[in-house]
Amino acid sequence: MAADQLSAVFGALADPTRRAILARLAEGDANVAELATPFEMSQPAISRHLKVLERAGLISRRRRATARLSHLEAQPLREATAWLARYRAYWDESYDRLDALLAELQDKRDEPDEPDEEDERTG
Amino acid sequence: MATTAKTQIIADPGVQRIVITRAFAAPRDLVYRAYTDPELLVQWLGPRRLTLTVERLDVRDGGTWRYIHRDSDGTEAGFHGVFHGTPSPDNMVRTFEYEGAPGHVSLETATFEERDGKTLVRTNAVFQSVEDRDAMIQSGMESGVNEGMERLDELLARMAAAS
């Protein structure tokens, strides 16, 4: 994904109303009136959010009879998630390993003079 | 929105910075040692499938450091930099450069804060440009790995944490 589009995707996702709209569209296509219902917001305000989402490539819009339906486009979201996922995976795994190392070091610290089990058994 | 991720990574769009925050169940002197003692560092930094070699880790004002990640094919990725100011758990400042992109340097500040027996490590990395920051994230610190965490709720949770 180009850096510009990635910025547009993250910019679009930075707003809680727009995230809620995407969550609603994950359940199925909807028109502006349906999208406005859960929010205390006018339809023009919702339309402005839809324009931002459309520019970021996160939704597409099409007409059906008199209604204009919004449709979730999943691919840019997948790419945006994958973008951070590799970096996140690096740190998640490193820090999980550090958790284990710190636990091991603290065990040793707590029991400095205790002989290990095998010595006890054989001795 | 709830997130179960233990590591918080904030990378706001259009900002040349990454902030990574993580709590560890250990006193801060021990966590700091794990960051500054090469014998300990090689036991945790990076994914298990990569071997870490610490060529230098001279933890003092002006001291240099160099790490190499090596995968099973022998592919290497080197990183190096310089410590600035006397490093301590309150303030560990260093430069960071991936040797695959010489001249693109970031400035890292790490702090280790003890709270209720836990240690909060916060790493703030500032890059020369948004493009450099994005390239670092895109590289994932290594090549060819995709852990496949392609889940919408995780992305949204991170965005919620960042906003």
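In this predicted model, A:Thr17, A:Arg18 and A:Ile21 of helix H2(A) meet A:His49, A:Val52 and A:Leu53 of helix H4(A). By class, this contact brings together three nonpolar, two polar and one charged residues. Two packed helices are described by the angle between their axes and the distance between the axes. Here H2(A) and H4(A) pack at about 75 degrees, and their axes are 10 Å apart. Because angles from 65 to 115 degrees count as roughly perpendicular, H2(A) is roughly perpendicular to H4(A).

Beyond its neighbours within four places in sequence, A:Leu53 is in contact with A:Ala12, A:Arg18, A:Ile21, A:Leu58 and A:Ile59. A:Leu53 also belongs to the largest nonpolar core, which has 18 residues; the members touching the most others are A:Val9, A:Ala12, A:Leu53, A:Ala56, A:Leu58 and A:Ile59. Helices H1 (3–13), H2 (16–25), H4 (43–55) and H5 (74–110) of chain A each give two or more residues to this core. H1(A) supplies the largest share, five residues. Another core, of 13 residues, lies apart from it and includes B:Ala26, B:Tyr32, B:Ala34 and B:Val121.

**The sheet of chain B**

Over in chain B, eight strands make an open antiparallel sheet, ordered S1-S2-S8-S7-S6-S5-S4-S3. Strands S1 (8–10) and S3 (51–57) of chain B are its edges, each pairing on one side only. From one strand to the next, the twist averages 20 degrees. Helix H1 (residues 28–36) of chain B lies across S2, S3, S7 and S8 of that chain, and runs at about 155 degrees to S7(B).

| Strand pair | Bridges | A facing pair |
|---|---|---|
| S3(B) and S4(B) | six bridges | B:Thr53 and B:Ile68 |
| S4(B) and S5(B) | seven bridges | B:Arg70 and B:Glu76 |
| S5(B) and S6(B) | five bridges | B:His84 and B:Val93 |

Two of these pairs are hairpins with a glycine to look at. The hairpin of S3(B) and S4(B) has six residues between its strands, and B:Gly62 in the turn has a positive phi of about 85 degrees. In the hairpin of S4(B) and S5(B), five residues separate the strands and B:Gly74 takes a positive phi near 90 degrees.

Strand S4(B) takes part in both hairpins. In a regular strand the side chains alternate between the two faces of the sheet. On S4(B), residues 64–70, the covered face holds B:Trp65, B:Tyr67 and B:His69, while B:Thr64, B:Arg66, B:Ile68 and B:Arg70 make up the uncovered one.

Note on methods. Residues are numbered from 1 along each chain as its sequence is written. Chains are lettered from A and ligands numbered from 1 in the order in which they are written. This is a predicted model: local features need pLDDT of at least 70, side-chain atom pairs count only at pLDDT 80 or more; totals for chains, interfaces and linings use all residues. Two strands pair if DSSP finds at least two bridges between them. Helices (H or I, at least four residues) and strands (E, at least two) are DSSP runs, numbered from the N terminus. Axes are lines fitted to C-alpha atoms, for helices over the stretch in contact, and angles run from 0 to 180 degrees between N-to-C directions. Two residues are in contact if their C-beta atoms, placed from the backbone, lie within 7 Å. A nonpolar core is a set of buried Ala, Val, Leu, Ile, Met, Phe, Trp, Tyr and Cys residues joined through C-beta atoms within 7 Å. A residue is buried if 20 or more other C-beta atoms lie within 10 Å of its own, exposed if 12 or fewer, and partly exposed in between; C-beta atoms are placed from the backbone. Angles under 35 degrees count as roughly parallel, over 145 as roughly antiparallel, 65 to 115 as roughly perpendicular and the rest as oblique. Ala, Val, Leu, Ile, Met, Phe, Trp, Tyr, Cys and Pro count as nonpolar, Asp, Glu, Lys and Arg as charged, and the others, Gly among them, as polar.
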